[in-house]
Amino acid sequence: TPLVTMLFVNSFPILLLLAASAASFAPTQHHQRQSTSLFMNQKKKQKPLPSKGFGGASSSSPRVSSALSSTTFIKPKTTSNFKYAGSIRPGLQSPKRLVPSEKIVFPDYADDGVPKARPPLFPWVIEVKKPEEIEKMRIAGRAAREVLDLAGREVRPGITTDEIDRIVHEATLARGGYPSPLNYHNFPKSCCTSVNEVICHGIPDDRPLEKGDIVNIDITCYVNGYHGDCSEMFVVGGEEAADAKARHLLQATYDCWVKALNFVKPGNDYKDIGAIIEDHVVAEGFNTVKSFCGHGIGSVFHTNPNILHYRNSEPAGKMAPGHTFTIEPMICEGEASYLMWPDDWTATTRDGGRSAQFEHTLLITKDGVEALTGKIETSTVHFWEKESKVHEGVWLGTSADAKERE
């Protein structure tokens, strides 16, 4: 779940010596090096409310039942003269799905859409998780992985992203979790589905997926007070439906991501992740999005450190055991700047070129790093994992424990 570079943390602008924060929920002004205001997974404040972050609909609470609040579909916010960049258009949205409050632990924004916790003022101040917190994050990460795998297996021509959202919502509840995107800064759905030119924060709707589409499904589960966050790409109709350019984009995105994952270990600088990503994709003929970033995660959805996916010199701190965060580069066929739809959530490429993204929640250990949202025995292994020249097969981490599980 990405953030924006021109970020407002939980809708409150703060001055940092740095910039950026978490994964694709907020756009970033990468040309400003001093005092960059950040949105944690939200975009710049524009007019009055609704405040953005991970959502921007009404502030109604999603409590009580997993059924839809009504059977009437909702027309998305749009304008008659808005110029879309590519072929994707907003469809009708089902109402917010509800959550049984007597069984599920709710995040602090569930009722009013406003996250209460704020990240530390200085971007190099990063929480070190205690052993008991890490165990809770393992549970949340496993839940997110199971839900993502389940959603991915349903990707096929003709299914709507709203149906995928229903599957995600119900699967999250079945695991005792709350779907973290739901009502986060008033985001109206339980996951993000970003198709073709959509970079991030695509809102599930009634548009049927078409053969050859590429879609990112972004899942975050909040289980017993902790978030697990991951996303993955899927080709509608199977890998044979992907054209050559799509295969190249998916492979380059996966490989730059794994290169960045392999860099993570105690003592390294967070800022150096970005250069690894940018150098790889530029050499492949692609561009990395600078307006959204990865983020720290735990009991708070988005916090320090801010993970920029491009070369930078921001003081984001040093890696240390017990840090948990995401890396989630968004890589584009062409122009990497974004166009925000009138719904104030959906960010697409400006030129209509396709975009791809992968994401794990990571834990730094004494001897490396491991993916808390890593694949499990039943996970599908895709062509980009089988054909990668960076890491063949499933990547679970670099720690001794992770390598043994691979």
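I began with the second largest cavity, whose lining residues I find divided into six nonpolar, two polar and four charged. For this sorting, Ala, Val, Leu, Ile, Met, Phe, Trp, Tyr, Cys and Pro count as nonpolar, Asp, Glu, Lys and Arg as charged, and the others, Gly among them, as polar. I note that this is a predicted model, in which local features need pLDDT of at least 70 and side-chain atom pairs count only at pLDDT 80 or more, while totals for chains, interfaces and linings use all residues. Residues are numbered from 1 along each chain as its sequence is written, and side-chain values use heavy atoms, with hydrogens and water left out.

**Cavities**

A cavity here is a set of points on a 1 Å grid over the protein atoms alone where a 1.4 Å probe fits but cannot get out, and its lining residues have an atom within 4 Å of a point. Points are joined across faces, edges and corners, and the volume is the space filled by probe spheres set on them. Searching the whole structure, I find two cavities of 30 Å³ or more.

For the largest cavity I note a volume of about 140 Å³. Of the 15 residues in its lining, Ile88, Thr193, Ile203, Asp205 and Trp341 lie nearest its centre, and the lining as a whole comprises six nonpolar, five polar and four charged residues.

**Overall picture and confidence**

I count six helices and 16 strands in the protein. Of its 406 residues, 63% are buried, a word that means under 20% relative accessible area, with exposed over 50% and partly exposed in between (1.4 Å probe, protein chains only).

The mean pLDDT (the predictor's confidence in each residue, from 0 to 100) is 87, and 83% of the residues reach 70 or more. Over residues 5-60, however, pLDDT is below 50, although the model gives this stretch 272 contacts beyond near neighbours in sequence, a contact being heavy atoms within 4.5 Å. Residues 64-70 also stay under 50, with 18 contacts beyond four places in sequence. I keep in mind that where pLDDT is low, the predicted coordinates should not be read in detail.

Is helix H2 (residues 161-174) enclosed or open? Ten of its 14 residues are buried, so the rest of the structure largely encloses H2; among them are Ile164, Ile167, Val168, His169 and Leu173. The buried residues of H2 pack against helix H1 (131-153) and strands E2 (177-179), E3 (192-195) and E5 (214-223). I also checked its length: the expected span, which is 1.5 Å times one less than the number of residues, comes to 20 Å, and the end C-alpha atoms of H2 are 20 Å apart, in agreement. After H2 comes Gly176, with a positive phi near 75°.

In helix H4 (residues 273-283) I find Ile273, Gly274, Ala275, Ile277, Glu278, His280 and Val281 buried. These pack against H3, E9 and strands E7 (287-288), E10 (324-327) and E11 (330-332), and H4 is followed by Gly285, whose phi is positive, near 90°.

**Backbone angles**

Most residues other than glycine have a negative phi, and most peptide bonds are trans. I therefore noted Asn196, with a positive phi near 55°, which sits in the loop between E3 and strand E4 (198-200) and is buried at a relative accessible area of 9%. Asp344 has a positive phi near 65°; this residue lies in the loop between strands E12 (338-340) and E13 (347-349) and is buried, at 11% relative accessible area. Asn304 and Pro305 are joined by a cis peptide bond with omega of about 5°, and Pro305 belongs to strand E9 (residues 303-307).

Terms used. Helix = DSSP H or I, 4+ residues; strand = E, 2+ residues; numbered from the N terminus. 1 Å grid on protein atoms, 1.4 Å probe; cavity = no way out; pocket = protein on both sides within 12 Å on 5 of 7 lines; lining within 4 Å.
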